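Please have the sequence and the 3D view open as you read.

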Amino acid sequence: MQSSSTVQMTIISLFLIFTLSLSRKAFLASAGKDPPPRFELIHRHSPLLSEHEATAYSPPKNLSERIRQLIDGDIPRQEMISQRLEDRRRRGRIRKASEISHHRTFNGTSNIVKIPLRSGADRGLGQYFVSFRVGSPPQKFVLIADTGSDLTWMHCNHRGENCPKDGLTPPNRMFQADASSTFKTIPCSSRTCKVDLQDTFSLSVCPTPDTPCAYDYSYFDGSKVRGFFANETVTAGSIDRRKKVRLKEVTVGCTDWANGNFHNADGVLGLGFGKNSFAATAAKLFDNKFSYCLVDHLSPSNFANFLNFGNASKQHIQNMQHTQLILGELNPFYAVNVSGISIAGKMLNVPPEMWHIHGAGGVILDSGTTLTFLGEPAYAATVAALRAPLEKYKKLGQVLGPLRFCYNDPRFDMADVPQFVLHFADGAKFVPPKKSYVIDADVGVKCIGFASAGWPANTVIGNIMQQNHLWEFDLANHRLGYAPSTCDFHSRF
């Protein structure tokens with residue numbers, strides 16, 4: 001009998017082990033073989049915006065108008081960046097990066113969420129829009145993608161409280177919060193409201209413990225939004241467009257009052273570095289990493305830009321380099337530690353304080369800025385070195401905004417343009433293609449694509465300099481990865 005019992009127990013044990021093994025394999029297959037999810041970024045000049053009538057821009061008539069529209073948005077954005085960083089330095093408010101970067105990955109998987117990016121709004125808010133689905137069932141909106149802010153919000157109707165205030169006209173599209181089964185307001189009495197959301201302009205008013213946590217958020221150009229915070233589910237598409245990925249408990253703003261220039265967009269997607277920004281929240285679920293890839297701004301409209309969440313190395317990126325990513329020092333911006341610039345293999349004589357993040361300088365990456373803005377000492381040295389071998393070409397007789405040095409000579413040969421290299425303090429180098437810093441400004445017109453940020457000032461690496469590269473932000477390990485890429489999501493980049 002004992003032998004029979006032992007046999008039965010053995011059979012049961014083997015059955016359980018077999019069953020658990022199958023379950024584990026099924027889970028791993030689901031986690032590891034699912035197609036990578038994604039979001040798409042939409043460039044402000046993309047005809048794809050015409051699919052969303054409320055946010056359609058008037059297309060530029062020619063290349064010259066296109067460039068002017070892009071760089072016109074750079075000036076207010078640089079003012080915004082300078083003001084925010086100066087205010088932060090003055091207040092001495094430096095948040096610990098460890099508070100938002102060290103988190104376990106969701107289910108231990110290394111899936112990748114990808115969001116297609118296309119280029120979006122000016123007036124200091126950036127150059128890209130993103131198609132965004134929120135709620136259960138999902139409701140679709142088009143938001144301005146902004147790496148300079150950490151609040152994600154949509155125009156919102158909650159319990160019918162969407163009447164226009166102060167005579168403002170209600171927006172064309174609104175998130176119907178009551179129609180979503182996963183919409184959950186954040187109470188004003190909660191620690192999340194009192195502590196975590198304090199830097200996102202949460203208000204201290206709390207008439208009852210269950211009253212939603214309110215915010216009053218201002219942008220540099222004077223635009224303002226008011227509303228309250230909630231947790232919601234965001235749905236992303238997949239790289240093969242067949243599977244959907246649901247991101248739960250994402251902090252969003254339900255805006256019931258807005259005043260300012262948002263180009264009739266449905267809201268803003270906050271991609272800056274902050275504990276409750278969408279970038280940080282989504283990255284927690286997927287290896288604490290996110291990345292984006294920006295195509296040449298003059299590429300055909302069928303080329304798309306993407307915002308990815310997850311491990312980009314899983315996509316077999318070739319020639320990926322890494323350097324230190326500085327987090328928590330210049331929030332909400334992402335900073336890097338630069339040691340210098342070389343032109344044609346020769347290091348420029350630039351004062352070291354240009355690169356000191358704790359002083360008057362420092363370097364940030366910003367996808368919402370078009371040109372690359374250098375502090376005046378670095379700008380003067382860089383432009384002088386680039387101009388020297390180009391003196392033989394005919395110069396344009398006018399200045400195009402911040403583009404001071406342009407050429408309209410049919411003999412112009414890009415082979416004469418010396419190589420620009422950005423050197424990082426840890427030895428890594430960024431070598432952009434020449435077309436990323438000597439740019440097409442009109443038919444037959446080439447311009448040196450740097451602008452002066454003045455001094456003291458931060459250096460800002462803009463989106464034209466970043467194009468044709470994939471940039472991966474590793475929040476857990478404070479590491480920035482970058483590699484040349486076609487940004488073709490159908491390929492392996």
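## Aromatic pairs

The count of aromatic pairs comes to 23. The model behind this count is predicted.

Next, take a look at Tyr393 and Phe412, a tilted aromatic pair with 4.8 Å centre to centre and 40° between the planes. Here too distant parts of the chain are linked, 19 residues apart: Tyr393 is in the loop between helix H7 (376-387) and E20, while Phe412 is in the loop between E20 and strand E21 (420-424). Tyr393 has a relative accessible area of 4%, so Tyr393 is buried. Phe412 has a relative accessible area of 15%, which is under 20%, so Phe412 counts as buried as well.

## A cluster and a charge over a ring

Phe39 and Phe278 turn up again in one aromatic cluster, together with Phe132, Phe273, Phe290, Tyr292, Phe309, Tyr334 and Phe473.

For a ring with a charged neighbour, go to Trp257: the charged end of Arg226 sits over the ring of Trp257, 4.1 Å from its centre.

## An open sheet

Three strands make up an open sheet in the order E20-E24-E23, and their pairing is antiparallel. Strand E20 (406-407) and strand E23 (438-442) each have a single partner strand and stand at the edges, so one side of each is left without a neighbour in the sheet.

Between E23 and strand E24 (residues 445-448), the antiparallel pairing runs over four bridges.

## A covered helix and a buried asparagine

How many of the 10 residues of helix H2 are buried? Seven are, and helix H2 (residues 63-72) is thus described as mostly covered. The buried residues in H2 are Leu63, Ser64, Arg66, Ile67, Gln69, Leu70 and Ile71.

The last stop is Asn305, in strand E13 (residues 305-309). Asn305 is buried, because its relative accessible area is 4%. A polar atom of the Asn305 side chain lies 2.7 Å from the backbone nitrogen of Val295.

Methods:
Residues are numbered from 1 along each chain as its sequence is written. This is a predicted model: local features need pLDDT of at least 70, side-chain atom pairs count only at pLDDT 80 or more; totals for chains, interfaces and linings use all residues. Side-chain values use heavy atoms; hydrogens and water are left out. Helices (H or I, at least four residues) and strands (E, at least two) are DSSP runs, numbered from the N terminus. Buried means under 20% relative accessible area, exposed over 50%, partly exposed in between (1.4 Å probe, protein chains only). A polar contact is a pair of N or O atoms within 3.5 Å; within protein, one must be able to donate a hydrogen and the other to accept it, and residues adjacent in sequence count only if both atoms are side-chain atoms. Two strands pair if DSSP finds at least two bridges between them. Rings of Phe, Tyr and Trp (its six-membered ring) pair if their centres lie within 6.5 Å; planes under 30 degrees apart count as stacked, over 60 as edge-to-face and the rest as tilted. A charge sits over a ring if NZ of Lys or CZ of Arg is within 6 Å of the ring centre and within 35 degrees of the ring normal.
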